[in-house]
Amino acid sequence: MEHTTDREFWDARYSEHERVWSGEPNAVLVEEAAGLEPGTALDLGCGEGADAVWLARRGWRVTAVDVSGVALERAARHAEAAGVGDRIDWQRRDLGTSFPEGTYDLVSAAFLHSPGEGLPRERILRDAAAAVAPGGVLLVIGHAGPPPWDPDAHPDAHLPTAEEVLKSLELPEGEWDVLRMGEHERVQTAPDGRVMTRTDNALKLRRRPS
Ligand SMILES: C[S@@+](CC[C@H](N)C(=O)[O-])C[C@H]1O[C@@H](n2cnc3c(N)ncnc32)[C@H](O)[C@@H]1O
C-alpha cells in the first residue's frame with residue numbers, strides 16, 4: 001500500500017461512502033457498559049460515533065476522539081439528530097501523537113485498528129489504561145483475525161489476542177481486576193452481501209478504587 005498517514009487513509013476511507021459502519025453501537029460495549037453507572041467516558045477511535053451517541057443517550061458525558069475529520073463531522077450530525085450533541089466533546093487527534101487529558105470512568109477502544117504498522121496501538125492502550133479513574137473500567141474490543149470474506153486483508157497488521165493486550169498494558173500487580181477476557185463471534189454482512197461470522201476479542205478491566 002502507498003504510504004499515507006492515518007488521517008489521509010481514514011479521511012479517504014470515510015469519504016468513499018455516505019456511511020461506513022452500521023450506525024449501531026458495538027454489541028460488546030452495550031453488554032459491558034449497560035450495567036455501569038453513567039459518568040465520564042472516553043471513546044478512542046470513535047469513527048462515526050455510534051458508541052459515543054449510545055453512551056450519551058444513557059447519561060454519560062463523552063469525549064470522543066478520532067483522527068478523521070470526515071468521520072467526526074458525521075458523528076456530530078448523528079449526535080445532534082439524537083439530541084445528545086451537547087453531551088459529547090468530539091476531538092480530532094492522531095492518538096499516535098496526542099492523547100486527551102484527564103481521567104474517565106470508562107475508557108473504550110473499539111476496533112482501534114489501522115492498516116500497516118504505523119499505529120502505536122500498544123502505547124495508546126497503555127495511555128488509555130492510565131486515563132481510567134479509580135473504580136473505572138477499560139474496555140478494549142478488537143478483531144481476532146481478518147474479515148472472513150478477505151482472509152488476506154492487511155497481512156502486515158498484527159491482531160493481538162485479549163491475553164496479549166492485557167500483557168502489553170504492563171499493569172501494576174494488584175491494582176486491576178480482569179472482568180472479561182476472550183473471543184466472541186458476531187455476524188457481519190460482507191461487502192458482497194454474504195452474511196458471515198467474524199471472531200473478535202474483548203478485554204474488560206476495572207481499576208480498583210484507591
Ligand atoms: C475500524 S474503525 C472503528 C470505529 C469505531 N470505533 C467502531 O467501532 O465503529 C477504526 C477507527 O480508528 C480511527 N483511527 C485510526 N488511526 C487513528 C489514530 N492514529 N488516531 C485516532 N484515531 C485513529 C479511524 O479513523 C477509525 O475511525
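**View 1. Contacts of Ala52 within the nonpolar core of the predicted model.** In this predicted model, Ala52 is in contact with Asp43, Cys46, Val62, Ala64, Ala75 and Ile88, once its neighbours within four places in sequence are left aside. Ala52 and Ala56 are the residues with the most contacts inside the largest nonpolar core, a set that comprises 47 residues. In soluble globular proteins, nonpolar side chains tend to be buried together.

View 2. Is Gly47 buried or exposed? Because 22 other C-beta atoms lie within 10 Å, Gly47 is buried, the threshold for that class being 20 or more. Not counting residues up to four places away in sequence, Gly47 touches Trp21, Asp66 and Ala71. The C-alpha atoms of Gly47 and Leu125 are separated by 17 Å, the two residues being 78 residues apart along the chain.

View 3. Seven strands, taken in the order E3-E2-E1-E4-E5-E7-E6, form an open sheet whose pairing is mixed. At the edges are strand E3 (88-92) and strand E6 (176-189), each of which pairs on one side only. From one strand to the next, the twist averages 15°. Helix H5 (residues 121-130) packs on this sheet, where it touches strand E1 (40-44), strand E4 (104-110) and strand E5 (132-143), and the direction of H5 makes about 150° with that of E5.

View 4. Strands of a sheet pair through backbone hydrogen bonds, either parallel or antiparallel. E4 and E5 run parallel and are joined by six bridges, with Tyr104 standing opposite Val132 in E5. E5 and E7, by contrast, pair in the antiparallel sense over seven bridges, and the bridge partner of Ile141 in E7 is Ala202.

View 5. E6 and strand E7 (residues 195-207) pair in the antiparallel sense, and 13 bridges are found between them. Two of the bridge partners can be located in E7: Arg206 is the partner of Asp177, and Lys204 is the partner of Arg180. Five residues lie between the strands of this hairpin, in which Gly193 takes a positive phi near 95°. How many of the 14 residues of E6 are buried? The count is zero, and E6 is accordingly described as hardly covered.

View 6. Phe111 is found in the loop between E4 and H5 and has a positive phi of about 55°, although it is not a glycine. Phe111 counts as partly exposed because it has 15 C-beta neighbours inside 10 Å, a count that falls between the limits of 12 or fewer for exposed residues and 20 or more for buried ones. Glu170, likewise not a glycine, has a positive phi of about 50° and is found in the loop between helix H6 (162-169) and E6. Since Glu170 has 9 C-beta neighbours inside 10 Å, it counts as exposed.

**View 7. Glu18 in its loop.** Glu18 lies in the loop that runs between H1 and helix H2 (27-33). Why does Glu18 count as exposed? Glu18 has 7 other C-beta atoms within 10 Å, and a residue is exposed if that count is 12 or fewer. The C-alpha atoms of Glu18 and Pro209 are separated by 43 Å, the two residues lying 191 residues apart along the chain.

Technical notes
Residues numbered from 1 in each chain as written. Predicted model: local features only at pLDDT ≥ 70, side-chain atom pairs only at ≥ 80, totals over all residues. Core = buried A, V, L, I, M, F, W, Y, C linked by C-beta atoms within 7 Å. Contact = placed C-beta atoms within 7 Å. Pairing = 2+ DSSP bridges. Helix = DSSP H or I, 4+ residues; strand = E, 2+ residues; numbered from the N terminus. Axes fitted to C-alpha atoms, helices over the stretch in contact; angles between N-to-C directions.
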